[in-house]
Amino acid sequence: MSIEIDILNGDASWKIAEPLHQAVWGPQQIADKPWVHVKWANADLRVLIETPEDGLVCHVGIYFRTATWNGQKVHIGGIGGVCTREDQRGRGYATVAIDAAVHTMRANEAVRFALLFCEPHNFTFYETRSWLPFKGEVYCEQPEGRIRFDHMAPYVFNIVRAPTLGTIDLCGLPW
Ligand SMILES: CC(C)(COP(=O)(O)OP(=O)(O)OC[C@H]1O[C@@H](n2cnc3c(N)ncnc32)[C@H](O)[C@@H]1OP(=O)(O)O)[C@@H](O)C(=O)NCCC(=O)NCCS
């Protein structure tokens, strides 16, 4: 079976990603989540995996941000909106899409490390893929102002050097 992996502009490809995104994080699915009211950043790029038979089966959003770590500016990459269509899980699609996202971030020479946020049921999934828990504090922007972001656990991935302690300020919306 052939698969097609595209990495497209985030805004331009939102229409393609939206139905899958809605199926996984529609209003009903997220109604009781502690992060239901969080305003999220839009992805800069998207990894989209499609098959001829099933269309879009997997999505990973890619984010680029000049954040700060312990007050020092640092260019970081992020991934978010990682999802595989429910009936297509366990076939390695998310692994392939995350690898493509990390490869894309590596190609951006400024990026020092990657960052994602996830819920406890996905800790093992990321830990077995070499992501490390970030044990410090994360701050971000929301419409009401700067907040400590502790709705989900941060994980970092080493591109050049990944911190696991200290304070990261996303200097913008979270992903
Ligand atoms: C998490 C998710 C993206 C994985 O997608 P996928 O395409 O099935 O992932 P892959 O096929 O690449 O990897 C599946 C592997 O991870 C394991 N796995 C899947 N979800 C896991 C989890 N939550 N915790 C631990 N392992 C997990 C599977 O057992 C399988 O292991 P194997 O490779 O040893 O067989 C998918 O389950 C999903 O869309 N979940 C709902 C949305 C979500 O939680 N997204 C993550 C947001 S941070």
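Two strands pair if DSSP finds at least two bridges between them. Keep that in mind as we look at this model, which is predicted.

Start with β2 and β3. Strand β2 covers residues 45-51, and strand β3 covers residues 55-69. They pair in the antiparallel sense, over seven bridges. Find Arg46: the residue opposite, in β3, is Gly61. Three residues make the link in the hairpin from β2 to β3.

Now move along to β4. How many bridges join β3 to β4? Eleven, and these two strands run antiparallel. Phe64 stands opposite Gly77 in β4. Here too we have a hairpin, with two residues between β3 and β4. Look at Asn70 in that turn: its phi is positive, about 50°.

β3 has another partner, β10, which is residues 167-169. Two bridges join them, again antiparallel. Trp69 has Ile168 as its bridge partner in β10.

Where does the shell come from?

Last, the record. An unreviewed UniProt entry lists residues 3-154 as "domain: N-acetyltransferase". Over residues 3-154, the chain is 24% helix and 40% strand.

Technical notes. Residues numbered from 1 in each chain as written. Predicted model: local features only at pLDDT ≥ 70, side-chain atom pairs only at ≥ 80, totals over all residues. UniProt positions renumbered as here; feature names shortened; annotations may be inferred. Helix = DSSP H or I, 4+ residues; strand = E, 2+ residues; numbered from the N terminus.
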